[in-house]
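Biologist: I'd like to learn how to read aromatic ring pairs in a model. Could you walk me through them?

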Amino acid sequence: MRDEGRRGASVRPYLGAIQRSHRSQYFPPAAGLYDPAQEHDACGIGFVANMHGAKSHEIVDQALQILLNLDHRGAVGADPTMGDGAGILIQTPHDLLAQVAPEAGIELPAFGSYAAANVFLPRDASLRRRCEEILEQRVAAEGQEVLGWREVPLNPEVLSDTVRATEPVIRQLFVGRGAGFEGDQDAFDRKLFVIRRSAELEAANIEAEAACDFYVCTLSTRVLGYKGMLLAEDVGPYYEDLGDPRLTTALALVHQRFSTNTVPSWSLAQPFR
């Protein structure tokens, strides 16, 4: 127990450094009466699952209805069409992805042998490509394979002009399992965690705009997150995948951000990954 205590004490400064890095990456600097150290939120969440693990599109519809029922918890500003953010986390919808990936020239392997990631990227083409390269390089450095990118189908018409001005480019990255990880999905997922964190830390060192707009919503063989600086009612209409009956899951976790005197952003919504 004493050894565990010493180890715990030794990692606290490291964890504190990560928290400070995260805060500086996703929050604006202190100015006037604003201090990022005072960022707080009190969110509404909901969870729905099939107890037998049976996947269906109905689970998605029910989860989005939970979001609508949580709408009273969400804050809006002077622009009532701009909220603090909302999103949904589901099981990787392999049936859908296996059918739409070939449209982007991607052939997916069996479920569990690849990961799908929804990624926020800068709108500036050169900065966007730099962030994509960082992510691709980290995948290769960890011995995994970039299978390709897919454009996430969106309906930006549901966004107000205010929100659309902050909208990132949203693309879907597919990562294949590398040699030596056959049959070990857990080890593959651990590598994916390392890839995501190292890419985020590297992106934080490039231009400020790219660092703020680059965000990996999820990178996993098991789950996929759809999120944004959206009103609860807009999550489903904005992400066209969520309305596709081929998208099925046995569980869904939804989140409606409710913050007071803090700064909303695309990255801060639906933090579960």
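This is a predicted model: local features need pLDDT of at least 70, side-chain atom pairs count only at pLDDT 80 or more; totals for chains, interfaces and linings use all residues.

Biologist: How many helices and strands are in the protein?

Modeller: The protein has 8 helices and 8 strands. Of its 273 residues, 48% count as buried.

Biologist: Now the rings, please. How many aromatic pairs are there?

Modeller: Rings pair if their centres lie within 6.5 Å, and planes over 60 degrees apart count as edge-to-face. The count here comes to 6 aromatic pairs. Take F120 and W266: their ring centres are 5.9 Å apart and the planes stand at 90°, so this pair is edge-to-face.

Biologist: Which parts of the chain does that pair tie together?

Modeller: F120 belongs to strand β3 (residues 114-121), while W266 is in the segment after β8 (251-256), so the pair ties together parts 146 residues apart in sequence. Both F120 and W266 are buried.

Biologist: What about the rings of Y226 and Y239?

Modeller: Their centres lie 5.1 Å apart with planes at 70°, so that pair is edge-to-face. Y226 sits in strand β7 (residues 223-228), and Y239 in the loop between α8 (235-238) and β8, 13 residues apart.

Biologist: Is Y226 buried or exposed?

Modeller: Buried means under 20% relative accessible area. Y226, at 0%, therefore counts as buried, and Y239 is buried with 1%.

Biologist: Which residues do the ring pairs link into a cluster?

Modeller: The cluster consists of F120, Y215, Y226, Y238, Y239 and W266. Elsewhere, a charge meets a ring: the charged end of K55 sits over the ring of F111, 5.0 Å from its centre.

Definitions and conventions:
Residues are numbered from 1 along each chain as its sequence is written. Side-chain values use heavy atoms; hydrogens and water are left out. Helices (H or I, at least four residues) and strands (E, at least two) are DSSP runs, numbered from the N terminus. Buried means under 20% relative accessible area, exposed over 50%, partly exposed in between (1.4 Å probe, protein chains only). Rings of Phe, Tyr and Trp (its six-membered ring) pair if their centres lie within 6.5 Å; planes under 30 degrees apart count as stacked, over 60 as edge-to-face and the rest as tilted. A charge sits over a ring if NZ of Lys or CZ of Arg is within 6 Å of the ring centre and within 35 degrees of the ring normal.
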